[in-house]
Amino acid sequence: MFRNRITELFGIDYPLVQAGMIWTSGWRLAAAVSNAGGLGVIGAGSMYPDILREHIRKCRAATGRPFAVNLPLLYPDLDQHIAIIIEEKVPVVFTSAGNPKTWTAHFKQQGIKVVHVVSSSKFALKSQEAGCDAVVAEGFEAGGHNGREETTTMVLIPAVAEAVRIPVIAAGGIATGRQMFAAMALGAEGVQMGSRFVASEEASAHPAFKKAVIDAAEGDTRLSLKALTPVRLLRNHFAEAVRAAEDRGANKDELTALLGRARAKKGMFDGDLEEGELEIGQVSALLHEVQPAGAIVERVWKDFLAALENPLQKI
């Protein structure tokens, strides 16, 4: 049993969090990670309110361990989502894409622990001032929506750890136990993994997307749509169309029209590998197989302990 501020905060065995990704992080994945000793997270960003409630209830029925919900603060049905999270007594909420000051106190009054996702020391400090229990510091390597600062994980983690007193969870480019060890050596007290769990049996992503993830090579992802909301995408026809539009100086309206609606669902959930939006991190280049989530947690933790015992041993 490993103990630090993150395991104590969440009541988990290992300081390992599964990211709440849109279209991939449903109740099956969250329950599997929680049952394995980490913290499973339901991704509310792609769920209507009634679907979120269903996933929370199914997750609770599938695990007796703590789990969380990831809540993007720009979601249009935000008030309904918040009401459901409180009504269903979700123990932990990860907030992102917004001001943590807006809802943190409200959640904490209901006994809910709050973690905010940040991409800079500045916003980590704002999260601490807002009363957050911890922050996820997410580096430039991460998949999906990303910070504008383009600060890499190797630089971001020690900067945030130095800036705040609350626990720091490292994210972005982490998929192995040795990477987890490196992040914690830099000052993190836990890690959050997204791409690694996309390539899991329990992820709700389309099998074709999972196959594309494990087939990805170095350089196959790119941070795009910086004029709107920066997002790291796997290269495909849509991503190349975005790049061409950006290279010719397309404005926000043109990029919004190109993006259209439901691109992420089309790619990650429906499996359209050419016209869909395929959000994944740079670490996809290190992923070579789809595994059960429990096996992923077990392997990451085993390799972390091996690195802890002998940090200079080659992989």
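This is a predicted model: local features need pLDDT of at least 70, side-chain atom pairs count only at pLDDT 80 or more; totals for chains, interfaces and linings use all residues.

Student: Into which domains is the chain divided?

Tutor: Domain bounds come from an automatic or database domain assignment. Here, domain 1 comprises 5–204 + 286–309, and domain 2 comprises 207–283. Taken over C-alpha atoms, the centres of domain 1 and domain 2 are 23 Å apart.

Student: How does one express the size of an interface, and what is the area buried between domain 1 and domain 2?

Tutor: The size of an interface is often given as the accessible area lost when the parts come together. Buried area is that loss, found with a 1.4 Å probe and summed over both parts. Between domain 1 and domain 2 it is about 2,200 Å², and carbon and sulfur atoms give 61% of this area. On the side of domain 1, the residues that lose the most area to domain 2 are Trp23, His145 and Arg148, together 25% of what that side buries.

Student: How many residues of each domain are in contact?

Tutor: Contact means heavy atoms within 4.5 Å. By that criterion, 29 residues of domain 1 are in contact with 20 residues of domain 2.

Student: How many polar contacts and salt bridges are found between domain 1 and domain 2?

Tutor: A polar contact is a pair of N or O atoms within 3.5 Å; within protein, one must be able to donate a hydrogen and the other to accept it, and residues adjacent in sequence count only if both atoms are side-chain atoms. The side of domain 1 that touches domain 2 has 12 nonpolar, 12 polar and five charged residues. In this classification Ala, Val, Leu, Ile, Met, Phe, Trp, Tyr, Cys and Pro count as nonpolar, Asp, Glu, Lys and Arg as charged, and the others, Gly among them, as polar. The rule for salt bridges finds one across this interface.

Student: What is that rule, and how many salt bridges does the whole structure have?

Tutor: Side chains of opposite charge can pair when their charged atoms come close. A salt bridge is a side-chain nitrogen of Lys or Arg within 4 Å of a carboxyl oxygen of Asp or Glu. The whole structure has 16 salt bridges, including one between Lys226 and Glu150, with N to O at 2.7 Å.

Student: Which parts does the salt bridge between Glu87 and Arg53 tie together?

Tutor: The closest N and O atoms of Glu87 and Arg53 are 2.8 Å apart. Glu87 lies in helix α4 (residues 78–87) and Arg53 in helix α3 (residues 49–62), so the pair joins parts 34 residues apart in sequence. Helices (H or I, at least four residues) and strands (E, at least two) are DSSP runs, numbered from the N terminus. Arg53 and Glu87 are also linked with Arg57, Arg60 and Glu88 in a network of salt bridges.

Student: Is Ser96 buried or exposed?

Tutor: Buried means under 20% relative accessible area, exposed over 50%, and partly exposed in between (1.4 Å probe, protein chains only). Ser96 counts as buried because its relative accessibility is 14%. Ser96 lies in strand β4 (residues 92–96). Beyond residues up to four places away in sequence, Ser96 touches Asn70, Leu71, Pro72, Leu73, His116 and Val117.

Student: Where does Arg235 lie, and what does Arg235 touch?

Tutor: Arg235 lies in the loop between β11 (231–234) and α11 (237–247), and is partly exposed at 34% relative accessibility. Leaving aside residues up to four places away in sequence, Arg235 touches Gly219, Asp220, Arg222, Glu240 and Arg243. With Glu240 there is a polar contact between side chains (3.3 Å).

Student: Which value of phi does Leu225 have?

Tutor: Leu225 has a positive phi of about 55°, although it is not a glycine. Leu225 is found in the loop between β10 and β11 and, at 3% relative accessibility, counts as buried.

Technical notes:
Residues are numbered from 1 along each chain as its sequence is written. Side-chain values use heavy atoms; hydrogens and water are left out. Buried area is the accessible area (1.4 Å probe) that two parts lose on being put together, summed over both.
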